[in-house]
Amino acid sequence: MKLLVVEDDVSLAKNLIQGFAESGFEVVHASTVAIAKKRLEEPVDLVVLDLGLPDGDGLDLIQVLRERAPEAPMIITTARGELDHRLRGLEGGADDYLVKPYAFVELLARVRALLRRTQQRGSGTWRVGDLEIDPVARRVARANQALELTAREYDLLVRLVRAQGSVVTREMLAREIWHQRAWTASLDNAIDVHISRLREKLDKGQPARLLHTVRGVGFLLKEEPCP
Ligand code: CA
(Lines give C-alpha, C1' and ligand atoms only; values in the text may rest on other atoms or scores of the structure.)
Protein backbone atom coordinates (compact mmCIF):
# COMPACT_ATOMS: atom_id res chain seq x y z
CA MET A 1 0.00 0.00 0.00
CA LYS A 2 1.42 3.33 -1.05
CA LEU A 3 0.70 6.50 0.94
CA LEU A 4 1.30 10.07 -0.09
CA VAL A 5 2.08 12.30 2.88
CA VAL A 6 1.73 16.00 2.10
CA GLU A 7 3.22 17.91 5.01
CA ASP A 8 5.56 20.90 5.10
CA ASP A 9 6.48 20.71 8.78
CA VAL A 10 9.89 19.00 8.53
CA SER A 11 9.96 17.18 11.86
CA LEU A 12 6.31 16.11 11.68
CA ALA A 13 6.85 14.84 8.12
CA LYS A 14 9.90 12.88 9.29
CA ASN A 15 7.87 11.24 12.07
CA LEU A 16 5.02 10.34 9.73
CA ILE A 17 7.31 8.87 7.08
CA GLN A 18 9.16 6.80 9.67
CA GLY A 19 5.97 5.71 11.44
CA PHE A 20 4.24 4.59 8.25
CA ALA A 21 7.35 2.86 6.95
CA GLU A 22 7.69 0.93 10.22
CA SER A 23 4.01 -0.04 9.92
CA GLY A 24 4.69 -1.64 6.54
CA PHE A 25 3.57 1.10 4.15
CA GLU A 26 5.39 2.48 1.18
CA VAL A 27 5.53 6.27 1.71
CA VAL A 28 6.09 9.13 -0.68
CA HIS A 29 6.36 12.63 0.68
CA ALA A 30 5.62 16.11 -0.63
CA SER A 31 6.20 19.39 1.18
CA THR A 32 4.46 21.69 -1.30
CA VAL A 33 1.39 21.74 -3.56
CA ALA A 34 3.68 21.65 -6.62
CA ILE A 35 5.57 18.55 -5.45
CA ALA A 36 2.34 16.83 -4.41
CA LYS A 37 0.90 17.34 -7.91
CA LYS A 38 4.02 15.75 -9.35
CA ARG A 39 3.74 12.80 -6.94
CA LEU A 40 0.12 12.28 -8.00
CA GLU A 41 1.30 11.36 -11.49
CA GLU A 42 1.97 7.93 -9.95
CA PRO A 43 -0.92 5.98 -8.41
CA VAL A 44 -1.28 6.14 -4.62
CA ASP A 45 -3.65 4.25 -2.31
CA LEU A 46 -4.25 6.99 0.26
CA VAL A 47 -3.30 10.61 0.90
CA VAL A 48 -2.62 12.37 4.19
CA LEU A 49 -2.96 16.05 3.38
CA ASP A 50 -1.93 19.05 5.46
CA LEU A 51 -4.05 21.98 4.30
CA GLY A 52 -1.60 24.78 5.15
CA LEU A 53 1.19 24.53 2.58
CA PRO A 54 3.85 27.11 1.68
CA ASP A 55 2.93 27.50 -1.99
CA GLY A 56 -0.83 27.26 -1.79
CA ASP A 57 -3.93 25.77 -0.36
CA GLY A 58 -4.17 22.02 0.20
CA LEU A 59 -7.83 22.34 -0.80
CA ASP A 60 -6.72 22.76 -4.42
CA LEU A 61 -5.02 19.38 -4.20
CA ILE A 62 -8.24 17.66 -3.25
CA GLN A 63 -9.59 18.43 -6.69
CA VAL A 64 -6.46 17.16 -8.43
CA LEU A 65 -6.55 14.01 -6.35
CA ARG A 66 -10.20 13.38 -7.09
CA GLU A 67 -9.45 13.61 -10.80
CA ARG A 68 -6.34 11.44 -10.80
CA ALA A 69 -7.19 8.88 -8.13
CA PRO A 70 -10.95 8.91 -7.55
CA GLU A 71 -10.83 5.90 -5.24
CA ALA A 72 -7.92 6.88 -3.04
CA PRO A 73 -9.18 7.94 0.40
CA MET A 74 -7.91 11.22 1.80
CA ILE A 75 -7.38 12.37 5.36
CA ILE A 76 -6.91 16.09 5.86
CA THR A 77 -5.05 17.57 8.80
CA THR A 78 -5.60 21.12 9.96
CA ALA A 79 -4.38 23.35 12.75
CA ARG A 80 -6.80 23.91 15.60
CA GLY A 81 -9.39 26.57 14.82
CA GLU A 82 -9.38 26.11 11.06
CA LEU A 83 -12.94 24.89 11.13
CA ASP A 84 -13.84 26.54 7.86
CA HIS A 85 -10.95 24.76 6.14
CA ARG A 86 -11.96 21.47 7.61
CA LEU A 87 -15.56 21.79 6.44
CA ARG A 88 -14.48 22.86 2.98
CA GLY A 89 -12.14 19.88 2.88
CA LEU A 90 -14.87 17.43 3.74
CA GLU A 91 -17.24 19.07 1.30
CA GLY A 92 -14.53 18.92 -1.35
CA GLY A 93 -14.29 15.15 -1.06
CA ALA A 94 -11.93 14.38 1.83
CA ASP A 95 -12.90 11.23 3.75
CA ASP A 96 -11.69 12.11 7.23
CA TYR A 97 -9.83 14.80 9.13
CA LEU A 98 -7.58 15.18 12.15
CA VAL A 99 -6.87 18.34 14.13
CA LYS A 100 -3.22 19.06 14.94
CA PRO A 101 -1.52 18.11 17.13
CA TYR A 102 -2.55 14.48 16.77
CA ALA A 103 -1.01 11.21 17.93
CA PHE A 104 0.52 9.09 15.18
CA VAL A 105 -1.37 5.99 16.40
CA GLU A 106 -4.64 7.84 15.86
CA LEU A 107 -3.68 8.71 12.30
CA LEU A 108 -2.50 5.16 11.66
CA ALA A 109 -5.80 3.72 12.92
CA ARG A 110 -7.77 6.00 10.61
CA VAL A 111 -5.55 5.21 7.64
CA ARG A 112 -6.09 1.50 8.19
CA ALA A 113 -9.86 1.94 8.63
CA LEU A 114 -10.14 3.90 5.37
CA LEU A 115 -8.04 1.41 3.43
CA ARG A 116 -10.16 -1.44 4.73
CA ARG A 117 -13.28 0.36 3.61
CA THR A 118 -11.83 0.87 0.13
CA GLN A 119 -10.87 -2.79 -0.17
CA GLN A 120 -14.31 -3.89 0.96
CA ARG A 121 -15.79 -2.08 -1.99
CA GLY A 122 -14.37 -5.07 -3.81
CA SER A 123 -11.66 -4.92 -6.46
CA GLY A 124 -12.46 -1.29 -7.06
CA THR A 125 -15.94 -1.81 -8.54
CA TRP A 126 -18.64 0.48 -7.15
CA ARG A 127 -22.20 -0.77 -6.91
CA VAL A 128 -25.51 0.91 -6.25
CA GLY A 129 -28.37 -1.55 -6.72
CA ASP A 130 -27.80 -3.11 -10.14
CA LEU A 131 -25.53 -0.26 -11.26
CA GLU A 132 -21.83 -1.11 -11.58
CA ILE A 133 -18.95 1.26 -12.15
CA ASP A 134 -15.43 0.11 -12.89
CA PRO A 135 -13.35 3.22 -12.11
CA VAL A 136 -10.16 1.84 -13.66
CA ALA A 137 -11.73 1.13 -17.05
CA ARG A 138 -14.29 3.96 -16.61
CA ARG A 139 -17.00 1.47 -17.57
CA VAL A 140 -20.58 1.79 -16.38
CA ALA A 141 -23.30 -0.84 -16.61
CA ARG A 142 -26.82 -1.15 -15.32
CA ALA A 143 -28.47 -4.59 -15.08
CA ASN A 144 -25.46 -5.86 -17.07
CA GLN A 145 -26.17 -3.45 -19.95
CA ALA A 146 -23.27 -1.11 -20.71
CA LEU A 147 -24.12 2.61 -20.56
CA GLU A 148 -22.46 5.10 -22.88
CA LEU A 149 -21.73 8.19 -20.82
CA THR A 150 -19.89 11.36 -21.78
CA ALA A 151 -16.86 12.28 -19.67
CA ARG A 152 -18.90 14.85 -17.76
CA GLU A 153 -21.80 12.49 -17.14
CA TYR A 154 -19.32 9.91 -15.86
CA ASP A 155 -17.70 12.43 -13.49
CA LEU A 156 -21.14 13.45 -12.21
CA LEU A 157 -22.11 9.84 -11.62
CA VAL A 158 -18.87 9.04 -9.77
CA ARG A 159 -19.33 12.08 -7.54
CA LEU A 160 -22.85 10.91 -6.66
CA VAL A 161 -21.70 7.34 -5.99
CA ARG A 162 -18.90 8.54 -3.73
CA ALA A 163 -21.44 10.38 -1.57
CA GLN A 164 -22.89 6.97 -0.65
CA GLY A 165 -26.53 7.98 -0.60
CA SER A 166 -26.13 11.48 0.82
CA VAL A 167 -27.02 14.63 -1.06
CA VAL A 168 -24.48 16.26 -3.35
CA THR A 169 -25.30 19.95 -3.58
CA ARG A 170 -25.30 22.07 -6.72
CA GLU A 171 -22.47 24.10 -5.20
CA MET A 172 -20.35 20.95 -4.82
CA LEU A 173 -20.98 19.96 -8.43
CA ALA A 174 -20.21 23.47 -9.65
CA ARG A 175 -16.91 23.49 -7.81
CA GLU A 176 -15.75 19.92 -8.30
CA ILE A 177 -17.06 18.99 -11.73
CA TRP A 178 -17.20 22.37 -13.47
CA HIS A 179 -14.37 23.93 -11.43
CA GLN A 180 -16.35 27.13 -10.95
CA ARG A 181 -16.45 29.02 -7.70
CA ALA A 182 -18.69 31.83 -8.84
CA TRP A 183 -22.38 31.19 -9.27
CA THR A 184 -24.10 31.85 -12.62
CA ALA A 185 -27.49 31.02 -14.05
CA SER A 186 -25.91 29.33 -17.08
CA LEU A 187 -23.92 27.03 -14.81
CA ASP A 188 -27.09 26.13 -12.96
CA ASN A 189 -28.65 25.38 -16.31
CA ALA A 190 -25.69 23.23 -17.40
CA ILE A 191 -26.00 21.16 -14.24
CA ASP A 192 -29.69 20.57 -14.94
CA VAL A 193 -29.03 19.58 -18.53
CA HIS A 194 -26.30 17.08 -17.65
CA ILE A 195 -28.24 15.62 -14.74
CA SER A 196 -31.29 15.10 -16.92
CA ARG A 197 -29.23 13.37 -19.64
CA LEU A 198 -27.56 11.19 -17.03
CA ARG A 199 -30.96 10.33 -15.56
CA GLU A 200 -32.28 9.39 -18.97
CA LYS A 201 -29.39 6.98 -19.58
CA LEU A 202 -29.42 5.61 -16.07
CA ASP A 203 -33.06 5.20 -15.17
CA LYS A 204 -35.15 5.11 -18.34
CA GLY A 205 -37.10 1.86 -18.59
CA GLN A 206 -35.69 0.53 -15.32
CA PRO A 207 -37.88 -0.91 -12.55
CA ALA A 208 -36.07 1.11 -9.88
CA ARG A 209 -34.95 4.72 -9.94
CA LEU A 210 -31.40 5.61 -8.88
CA LEU A 211 -30.93 9.33 -9.49
CA HIS A 212 -33.05 11.59 -7.30
CA THR A 213 -33.44 15.35 -7.12
CA VAL A 214 -33.69 16.96 -3.71
CA ARG A 215 -35.51 20.14 -4.59
CA GLY A 216 -33.55 23.32 -3.89
CA VAL A 217 -30.55 21.38 -2.57
CA GLY A 218 -29.03 18.92 -4.99
CA PHE A 219 -29.02 15.29 -6.06
CA LEU A 220 -28.46 11.86 -4.64
CA LEU A 221 -28.06 8.33 -5.85
CA LYS A 222 -29.95 5.49 -4.22
CA GLU A 223 -32.15 2.62 -5.32
CA GLU A 224 -35.86 3.27 -5.03
CA PRO A 225 -38.66 1.44 -6.84
CA CYS A 226 -40.55 3.52 -9.38
CA PRO A 227 -44.09 4.37 -8.25
CA1 CA B 1 1.51 23.18 7.26
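This is a predicted model: local features need pLDDT of at least 70, side-chain atom pairs count only at pLDDT 80 or more; totals for chains, interfaces and linings use all residues.
1. The buried residues of helix α1 are Leu12, Ala13, Leu16, Gly19 and Phe20, where buried means under 20% relative accessible area, exposed over 50% and partly exposed in between, with a 1.4 Å probe and protein chains only. The face of α1 turned away from the buried side carries the exposed residues Val10, Ser11, Lys14 and Glu22.

2. Residues are numbered from 1 along each chain as its sequence is written, and side-chain values use heavy atoms, with hydrogens and water left out. Helices (H or I, at least four residues) and strands (E, at least two) are DSSP runs, numbered from the N terminus.

3. The length of α1 can be checked. At 1.5 Å a residue, its 13 residues should span 18 Å, and the end C-alpha atoms are 18 Å apart, which agrees. The expected span is 1.5 Å times one less than the number of residues in the helix.

4. The strands β2-β1-β3-β6-β7, in that order, form an open sheet of five strands with parallel pairing; two strands pair if DSSP finds at least two bridges between them. Strands β2 (26-30) and β7 (96-100) stand at the edges, each with a single partner strand, so one side of each is left without a neighbour in the sheet. On average, neighbouring strands of this sheet are turned by 20 degrees against each other, direction ignored. Axes are lines fitted to C-alpha atoms, for helices over the stretch in contact, and angles run from 0 to 180 degrees between N-to-C directions.

5. The pairing within this sheet can be followed strand by strand. Strand β1 (residues 2-6) is joined to β2 by five bridges, and Val6 has Ala30 in β2 as its bridge partner. Between β3 and β6 there are four bridges, with Asp50 partnered by Thr77 in β6. Five bridges join β6 to β7, where Ile76 stands opposite Tyr97 of β7. Five of the six residues of β6 are buried, so this strand is largely enclosed by the rest of the structure.

6. Helix α1 (residues 10-22) lies across β1, β2, β3 (46-50) and β7, and runs at about 165 degrees to β2. Helix α3 (residues 58-68) lies across β1, β3 and β6 (74-79), at about 165 degrees to β3. Contact means heavy atoms within 4.5 Å.

7. A second open sheet has four strands in the order β8-β9-β10-β11, with antiparallel pairing. Its edge strands are β8 and β11 (145-147), each pairing on one side only. Neighbouring strands here are turned by 25 degrees against each other on average, direction ignored. Strand β10 (residues 139-142) pairs with β11 over three bridges, and the partner of Val140 in β11 is Leu147. Helix α6 packs on the sheet, touching β8, β9 and β10, and its direction makes about 110 degrees with that of β9.

8. Helix α8 (residues 185-203) has 19 residues that should span 27 Å at 1.5 Å a residue; its end C-alpha atoms are 26 Å apart, which agrees. Its buried residues are Leu187, Ile191, His194, Ile195, Leu198, Leu202 and Asp203. Seen down the axis of α8, these fall within an arc of 135 degrees, so they line one face of the helix. Ala185 and Ser186, on the other side of α8, are exposed. Just after α8, Gly205 takes a positive phi of about 75 degrees.

9. The largest nonpolar core has 29 residues, of which Leu131, Ile133, Leu157, Leu202 and Leu221 touch the most other members. Such a core is a set of buried Ala, Val, Leu, Ile, Met, Phe, Trp, Tyr and Cys residues joined through side-chain atoms within 4.5 Å. Helix α6 gives the largest share, six residues. Leaving aside neighbours within four places in sequence, Leu202 is in contact with Leu131, Arg142, Leu147, Leu157, Leu210, Leu211 and Leu221. Apart from this core lies another, of 21 residues, among them Val47, Leu49, Leu61 and Ala72.

Conventions:
The arc is that of the directions from the helix axis to the C-beta atoms.
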